[in-house]
Every structure is written in structure tokens, then in C-alpha cells.
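Please keep the sequence and the 3D view open while you read.

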Amino acid sequence: MIKYLGSKRTLIPRLLEVFGALDPKPTCIADLFSGTSRVGHACKKAGYQVISNDHNAYAETLARCYVQADLETHRAEAGLRIEQLMALSPQAGYFTKTFCEESRFFTPKNGARVDAMRNQIAAWEGAGLLTEELKAILLVSLMEAADRVDSTTGLQMAYLKSWAPRAEKDMELRMPEVLSNGKHGTCTATGIDALDAARACADSADLVYLDPPYNQHKYLGNYHIWETLVRWDAPESYGVARKRVDCRERSSDFNSKPRIASALHEVISACLAGQRVQHLVLSFNNEGYLQREDISAMLAPHGTLDVIEVDYKRYVGAQIGIHNPKGKRVGKPGKLRNTEFLFVLSRS
Ligand SMILES: C[S@@+](CC[C@H](N)C(=O)[O-])C[C@H]1O[C@@H](n2cnc3c(N)ncnc32)[C@H](O)[C@@H]1O
């Protein structure tokens, strides 16, 4: 899966343990800020029905592939089409120009293959040959292949001054780990605002998992290339990182210090508006805009609240220190670890 800020990769065993110990036992889990879909994928694999949501198109696509699509339906055709994509000749276009010439996120040889493959996916789609899920599987295969040969530290705000060794390798597509149908029913993915998703799942999920952004780091700006790859809309771009212009307008209240508390409060209230949702599990850390006490105060009136503390490795920027635009280190690495909180609410 792709490199992602705030990904819960190492927290997944703990999350599954917490979900599995709840009483009454949940069968349908809604993940309203799904990001890479790692959590939803692990839940589907563990047999839960999963509803995934994230407001960015690349994340919705990841969820369609890892949560909504079922292996039995798509394995054969996806495998065949991935082979066909791999056989295409390079064809430099918007992606190469924007992300390999005007910036240096990928080598031009890999960029031209991305252009050729993405155009082919668009052509298949235009000819009515792809279902929504098959298209998502192909896009995720391409996104992950590009991620394995990028020249970044895992964020698309900037690229490395010299090519990362992995960037010189030839890009290679693989079949994503699409799962078999969950035993509890059809899994779904949407790409809407978390508040609308909370309203929509209040009558269908018995557990809601919330993993919102904690601070000012915007996901669209940090993963703008995946958004453009998925949307394939050749947007006007700006700055050294050639971000899509809509990065300036599209925003999330969860990245705003004055707005995050009311945004989270609204989402929690919407989840708990009906009787169906029995448990709410929320991830946050000790370096975000909200304090442990703020979140406890929002949740505690609704039932029994447990707060689990997990010692966690901080994001990559903290590990390598602060660099100026020329790549020279100008600050020391910060703290290497922080505390991840898991707020576990069970309704009384
Ligand atoms: C901390 S990340 C989630 C990481 C995810 N649990 C994982 O393991 O990959 C937060 C996610 O919230 C999404 N997001 C931010 N604001 C949102 C909103 N208002 N509605 C829906 N999704 C939002 C971002 O796109 C980002 O993917």
C-alpha cells in the first residue's frame, strides 16, 4: 500500500484486538476517514462488513479496491488488464511534463509509462469496458507501482534533490491484495464529507471508527499527484511541487485549529443520532489540535469511555530533520516518538 502520513499500519493489530473485545460484538464497521483503507481492509479480512469513506478521490479509489471490490468477481479480468498495461509503450504526456520535467517526482522514463497506462485505463472506461471496481483496482495497481519508484520522503509537498535509488528502477504493476467477500455482507466505499458519511451510516453501522487529521497537514496537498492520477483531469498546477490549483480551495475543517472541535463534535453527534451505532473508536495523538480532555469531554456523556495509550513512531519528517529547499539540513530531527490515543466509547 502507498506511503501515507498518519497511516495506522502498525496500529492495526491493536485496533482489531479492541474491536474484537467489544460487547456487543460489532458486525458492521464504518471507517469515515479511510486514507489508505488499511484499517477497512484489515476489518474486511477479519470478517466484518465495512463501510469506507474519505473525501479525497484517490482515497475513495483505494477504498473501492481494498474494501468494496471482491476478489472472486475481479481476479481474472484485473490480472489480464494489468498484463496489458505492462506491455504498453511509453507515451509522454501531462504526467511526464508536470511531475518529471517541471518537477522531479519520477524519472521521465517511468512518467511516460504512467501516461500511457493511465490513458489506456481512460480509453477502456470510455468504451464501457470497466466497472467502477475494476477501474479502481487498475488505478490502485498503477498508484502503488508509481509510489514504489517515487523520489520523495513520502509526501508530495517536495521531491528529493537527487534521485532516490528506487526512482531509477523500472515501474512494475502488481495485483493489489483485493479480498474475498466479507462474511457479514457487502462492503462499500464513498467519497463524501465525513459529516454526510456519519449521517449515512448512523442506521447501518454498529461501530464507527474515526481517524481524522490531527493538525494543519493537508492530505490533498501532500498527495496531490495521486488525486490527479485518479481524476485524470490535467489541472493547472503551481509552485515547485506542481500542485493542482484546487489544493488552494478544497479544505477540511479538521485541518483548522479554530474549527476542528466543532467539526468533530458534529460528526460524533451525527453517528450517535440513531440507536444503531453501539461503539465509537477514535484515533488521535498527543500532538494534535485537540487535547485528550477535549475529546473525552465530547464522548464521555454518551456511555462508557476507555482511553488506550499507544507509544508510536512519528512521521518520517521528524525522523530525518528539517531541510531547506536546496536539500540542506537546517534543523535537527525532532522527537522520534509520540503517544497515539485510542478513545473507545461503548454506549450505555
Ligand atoms: C489520519 S488520515 C487517515 C489514515 C487512515 N486511517 C490510514 O490508516 O491510512 C485522515 C484522512 O481523513 C481524510 N479527511 C480529511 N478531512 C475529511 C473530511 N472532512 N471528510 C472526509 N475525509 C476527510 C483525509 O483525506 C485523510 O485521508
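This is a predicted model: local features need pLDDT of at least 70, side-chain atom pairs count only at pLDDT 80 or more; totals for chains, interfaces and linings use all residues.

Residues are numbered from 1 along each chain as its sequence is written, and side-chain values use heavy atoms, with hydrogens and water left out. Helix 3 is mostly covered, with twelve of its twelve residues buried.

**Ligand site**

- Asp54 places a polar side-chain atom 2.6 Å from an oxygen atom of the ligand.
- In Asn56, an N or O atom of the side chain is 3.0 Å from a ligand oxygen atom.
- Ser252 has a polar side-chain atom 2.7 Å from a nitrogen atom of the ligand.

**Helix 1**

- Helices (H or I, at least four residues) and strands (E, at least two) are DSSP runs, numbered from the N terminus.
- Buried means under 20% relative accessible area, exposed over 50%, and partly exposed in between (1.4 Å probe, protein chains only).
- Helix 1 spans residues 12–20, and its buried residues are Ile12, Leu15, Val18 and Phe19.
- Seen down the axis of helix 1, these buried residues fall within an arc of 120°, so they line one face of the helix. The arc is that of the directions from the helix axis to the C-beta atoms.
- Pro13 and Glu17 are exposed on the other side of helix 1.
- The cover over the buried residues of helix 1 includes strand 1 (28–31), helix 2 (38–45) and strand 11 (337–347). Contact here means heavy atoms within 4.5 Å.

- Helix 3 covers residues 57–68. Its buried residues include Glu60 and Arg64.
- Among the partners of the buried residues of helix 3 are helix 2, strand 2 (49–53) and helix 7 (132–148).
- Helix 5 (residues 94–101) has Phe95, Thr96, Thr98, Phe99 and Cys100 as its buried residues.
- These residues of helix 5 pack against helix 6 (108–126), helix 10 and strand 5 (237–238).

**Lys8**

- Lys8 sits in the segment before helix 1. At 4% relative accessibility, Lys8 counts as buried.
- The Lys8 side chain reaches the backbone oxygen of Gly6 at 2.6 Å.
- A polar contact of 3.3 Å joins the side chains of Lys8 and Tyr214. A polar contact is a pair of N or O atoms within 3.5 Å; within protein, one must be able to donate a hydrogen and the other to accept it, and residues adjacent in sequence count only if both atoms are side-chain atoms.
- Leaving out residues up to four places away in sequence, Lys8 touches several residues, including Asp211, Tyr312 and Glu340.

- Ile225 belongs to helix 10. Ile225 counts as buried at 0% relative accessibility.
- Leaving out residues up to four places away in sequence, Ile225 touches Phe95, Phe99, Phe105, Phe106 and Gln156.
- Thr339 is found in strand 11. Not counting residues up to four places away in sequence, Thr339 touches Phe284, Asn285, Asn286, Glu309 and Val310.

**Backbone details**

- A cis peptide bond joins Asp23 and Pro24, with omega about 0°. Pro24 is in the loop between helix 1 and strand 1.
- Ala234 has a positive phi, near 45°, and is not a glycine. Ala234 lies in the loop between helix 10 and strand 5.
- Arg242 also has a positive phi, near 55°. Arg242 lies in the loop between strand 5 and strand 6 (243–244).
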